[in-house]
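Hi,

Here is the structure I said I would pass on to you. Have a look at it, and then read my notes below.

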Amino acid sequence: MDILLEPLLGLLIGAVCVACSARVLSSTRYVCPACGKTFRSRWWKAFLAFHVGDDIALRCLHCGKKSVCYPSHDQSGEG
Ligand SMILES: [Zn+2]
């Protein structure tokens, strides 16, 4: 049993998980509860942000207020 294989495999699985999350996060729009507008955040910002279920603490690109934003399923409108 190669002792290097297991940590490498774990690292690979972790990288795949991050890549999958990045794809989802980069395509998700979030609704700002302060101004009601939707915006798209950088995936790494959303990835590193504080999560409350599906909601994420992000800074709004429109009003600049940092609040817990929830994902929008509406694909129309400004981005
Ligand atoms: Zn806002």
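The protein chain has 2 helices and 5 strands; both kinds of element are DSSP runs numbered from the N terminus, with helices (H or I) of at least four residues and strands (E) of at least two. Going from the N terminus, the order is α-β-β-α-β-β-β. Before you go further, keep in mind that this is a predicted model, where local features need pLDDT of at least 70, side-chain atom pairs count only at pLDDT 80 or more, and totals for chains, interfaces and linings use all residues. Residues are numbered from 1 along each chain as its sequence is written.

On overall shape: the C-alpha trace spans about 55 × 25 × 20 Å along its principal axes. The radius of gyration is 16 Å, whereas a compact globule of 79 residues would come out near 12 Å (it is taken over C-alpha atoms, and the globule rule is 2.2 Å times the number of residues to the power 0.38). Of the 79 residues, 13% count as buried. Here buried means that 20 or more other C-beta atoms lie within 10 Å of the residue's own, exposed means 12 or fewer, and partly exposed is in between, with C-beta atoms placed from the backbone.

Helix α1 covers residues 5-27, and its 23 residues reach 33 Å from first C-alpha to last, close to the 33 Å expected (1.5 Å times one less than the number of residues). α1 is hardly covered, with a buried count of 1 among its 23 residues.

Now the sheet. It is open, has 5 strands in the order β2-β1-β5-β4-β3, and pairs antiparallel; two strands pair if DSSP finds at least two bridges between them. At the edges sit β2 (38-40) and β3 (51-52), each pairing on one side only.

β3 and β4 run antiparallel and are joined by 2 bridges, with V52 opposite D55 in β4. Together they make a hairpin with 2 residues between the strands, and G53 in the turn has a positive phi of about 65°.

β4 (residues 55-59) also pairs with β5 (residues 66-72), antiparallel over 4 bridges. Over in β5, R59 has K66 as its bridge partner, and L58 has S67. This hairpin has 6 residues between its strands, and G64 takes a positive phi near 75°.

Which residues make up the largest nonpolar core? There are 8: L25, Y30, C32, A46, I56, L58, C60 and C69. A nonpolar core is a set of buried Ala, Val, Leu, Ile, Met, Phe, Trp, Tyr and Cys residues joined through C-beta atoms within 7 Å.

C32 is worth a look. It lies in the loop between β1 (29-31) and β2, and it counts as buried because it has 23 C-beta neighbours inside 10 Å. Leaving aside neighbours within four places in sequence, C32 is in contact with K37, F39, C60, H62, C63, K65, S67 and C69 (contact means C-beta atoms, placed from the backbone, within 7 Å).

Cheers

Terms used: Two residues are in contact if their C-beta atoms, placed from the backbone, lie within 7 Å.
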